[in-house]
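The exercises below concern a predicted model. Work through each task before reading its solution.

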Amino acid sequence: MDSNLSDLYQEIILDHAKRPLNRGVLEGATVTVPAENPTCGDEVTLQLRVADGRVEDVRFTGQGCAICMASASMMTRAVKGKTCQEAGALFQQVHDGIQTGSPMPKGEIGALGGVREFPQRVKCALLSWEALREALGLRKGSSGTVTTEDGDLS
């Protein structure tokens with residue numbers, strides 16, 4: 001990765017980590033999904049208000065490393081207003097991009113693609129996205145709580 005691009009991506013992640021968007025409790029949430037990474041202590045609770053197949057609003061609470069908080073912030077910004085189908089497709093693109101290096105979405109979310117170079121941080125970046133997948137009802141064998149220890153996040 002070009003060093004200027006790497007610097008830009010780091011700046012985007014740090015900005016979202018320091019000033020996360022859509023952080024706080026969502027009044028009138030229709031779905032709430034807790035997610036945790038017991039290995040490193042990241043915890044995110046994702047709340048969505050879904051109506052007529054669309055994510056009307058989304059917020060998160062929790063604590064974690066800079067990558068986890070930045071990823072949650074970027075994810076909430078990206079899915080707000082999207083249909084559940086569009087949000088599910090975005091989840092898949094980000095998941096595959098971080099896991100396998102396939103193309104990431106354009107824009108700031110693309111900054112998360114660099115995480116794949118640091119395997120120990122992949123779970124941090126994907127935690128809130130896996131909570132989104134759970135919230136959308138797209139996880140198989142769902143337990144209601146997302147954890148990095150259930151084999152879903154590798």
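**Exercise 1.** What percentage of the 154 residues of the protein count as buried? Then describe the fold along the sequence.

*Solution.* Step 1: the buried share is 44% of the 154 residues. Step 2: assigning secondary structure gives four helices and four strands. Step 3: their order along the sequence is α-β-β-β-α-α-α-β. Step 4: take the contacts between residues at least 6 apart in sequence; 57% of these join residues at least 24 apart.

**Exercise 2.** Determine how helix 3 and helix 4 are oriented to each other, and list the residues in contact.

*Solution.* Step 3: the crossing is left-handed. Step 4: helix 3 contributes Ala87, Leu90, Phe91, Val94, His95, Ile98 and Gln99 to the contact, and helix 4 contributes Val122, Ala125, Leu126, Trp129, Glu130, Leu132 and Arg133. Step 5: sorted by class, the residues of this contact are 10 nonpolar, two polar and two charged.

**Exercise 3.** Which residues touch the most other members of the largest nonpolar core?

*Solution.* Step 1: the core has 42 residues, and Ile109, Trp129 and Leu132 touch the most other members. Step 2: the elements giving two or more residues to this core are helix 1, strand 1, strand 2, strand 3, helix 2, helix 3 and helix 4. Step 3: leaving out residues up to four places away in sequence, Trp129 touches Ser71, Met75, Leu90, Phe91, Val94, Ile109 and Leu112.

Note on methods. Residues numbered from 1 in each chain as written. Predicted model: local features only at pLDDT ≥ 70, side-chain atom pairs only at ≥ 80, totals over all residues. Heavy atoms only, no water. Left-handed = near helix turned anticlockwise from the far one by under 90°. Contact = heavy atoms within 4.5 Å. Nonpolar A, V, L, I, M, F, W, Y, C, P; charged D, E, K, R; others polar. Core = buried A, V, L, I, M, F, W, Y, C linked by side-chain atoms within 4.5 Å. Buried < 20%, exposed > 50% of the residue type's maximum accessible area, 1.4 Å probe, protein only.
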